[in-house]
Amino acid sequence: MTQFSFTLSATDGAARTGVIHTPRGEIRTPAFMPVGTAATVKAMLPESVRATGADILLGNTYHLMLRPTAERIARLGGLHKFMNWERPILTDSGGFQVMSLASVRKLTEEGVTFSSHIDGSKHHLSPERSMEIQKLLGSDIVMAFDECPALPADDATVAKSMRLSMRWAQRSRDAFGDRPGHALFGIMQGGVTRDLREESATKLKEIGFDGYAIGGLAVGEGQEAMFSVLDYAPGFLPADKPRYLMGVGKPDDIVGAVARGIDMMDCVLPSRSGRTGQAWTRRGQINIKNARHMDDPRPLDEACSCPACRNYSRAYLHHVFKAQEMISGMLLTWHNLHYYQDLMAGLRAAIAAGQLSAFVADFHAQRAAGDIDPL
Ligand SMILES: [Zn+2]
């Protein structure tokens, strides 16, 4: 059986490209992971998600433990079978979403007790329970259970929370045990403070993980602050393991993160914005609701090979959005995911060719040029 492993094939400055090998298939890095919150990437069939170029999906422990429950998914053969996605799945630990979605939380050294945002029922999550749930789901890449403090927060608060997360990281490692073919990733915390980031990374390396995530960013600190952390934080992590930046982001966030040595990212943005009439293209963001598209027979992006661009006009996409037809969210989500995967493929090829700085300059120049002129 294929074990979990990571092969780096080329670097360009701090940027890296390679392959994560798993028993369920290869993940080309840098990788963008579409988010399949409730065992579905909203508005997309799994085979359509794969057709955009995605090698791996992200599933949310918090949502799945509440509905339909991890035990039910396990009885039905695991998350891959349940949602008809045979390739790798990464699941988050539930920690972040408990903090952001659940109400009536009680946080102790042991874990967190909370009420479901769906029906108010009481639940508990701890490092041990999170490992158990992610095992029941059958996730290929399991995330350690951590706490993410609400920002802004002072250094003492961030340090206290980070050290709790490091104790939980050790408990997650112990509870995960030895599962060949499955990986456990630790999560670096420490806010925007360099010393705390370094302390967190040192602790995680002592424990030893199959990959390392950078958590606690993209939570409202702004791109400049995030990039200033990414200028040093990836360098604290082992070069021979994948580095995952959680919850990022917009296309220019992704390009900046990859240039700073990030290998994996996830974000709801391309799918969520597809349902609100927003399209991401090489030329920036397009609002399909805008009246300028009403009579426009041209595609969203003439260089895109997705079905929304190949087969439909801006006028049609504008019409179905206005008419609140389901195909609107389906087509725009498909386009957005396709654009994100095209961007990742472009980044991988540029790094392999040692041409990343030219690629990044061209990326910014095309966006600066803006959308095609109205007719
Ligand atoms: Zn397209």
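Two bits of housekeeping before we start. Numbering runs from 1 along each chain as its sequence is written. Since the model is predicted, local features need pLDDT of at least 70 and side-chain atom pairs count only at pLDDT 80 or more, while totals for chains, interfaces and linings use all residues.

Strands β1 (residues 5-12) and β2 (residues 15-22) pair antiparallel over seven bridges. Strands count as paired if DSSP finds at least two bridges between them. Look at Thr 11: its bridge partner in β2 is Arg 16. Two residues sit between the strands, and Gly 13 in this hairpin has a positive phi near 65°.

Now the sheet. In what order do the eight strands run? Going across, we get β4-β14-β13-β12-β11-β10-β6-β5, an open sheet with parallel pairing. β4 (31-33) and β5 (57-59) are the edges; each has a single partner strand, so one side of each is left without a neighbour in the sheet. On average, neighbouring strands are turned by 25° against each other, direction ignored.

Contact means C-beta atoms, placed from the backbone, within 7 Å.

Next, helix α10 (residues 251-259), where seven of nine residues are buried, that is, with 20 or more other C-beta atoms within 10 Å of their own, C-beta atoms being placed from the backbone. Among them are Asp 253 and Ile 254. After α10 comes Gly 261, with a positive phi near 105°.

Last, the largest nonpolar core, with 105 residues: buried Ala, Val, Leu, Ile, Met, Phe, Trp, Tyr and Cys joined through C-beta atoms within 7 Å. Phe 185, Ala 213 and Met 265 are among those touching the most other members. Helix α14 (residues 326-352) gives the most, 12 residues. Leaving aside neighbours within four places in sequence, Ala 213 contacts residues including Met 143, Phe 185 and Tyr 244.

Key. Buried ≥ 20, exposed ≤ 12 C-beta atoms within 10 Å, placed from the backbone. Helix = DSSP H or I, 4+ residues; strand = E, 2+ residues; numbered from the N terminus. Contact = placed C-beta atoms within 7 Å. Axes fitted to C-alpha atoms, helices over the stretch in contact; angles between N-to-C directions.
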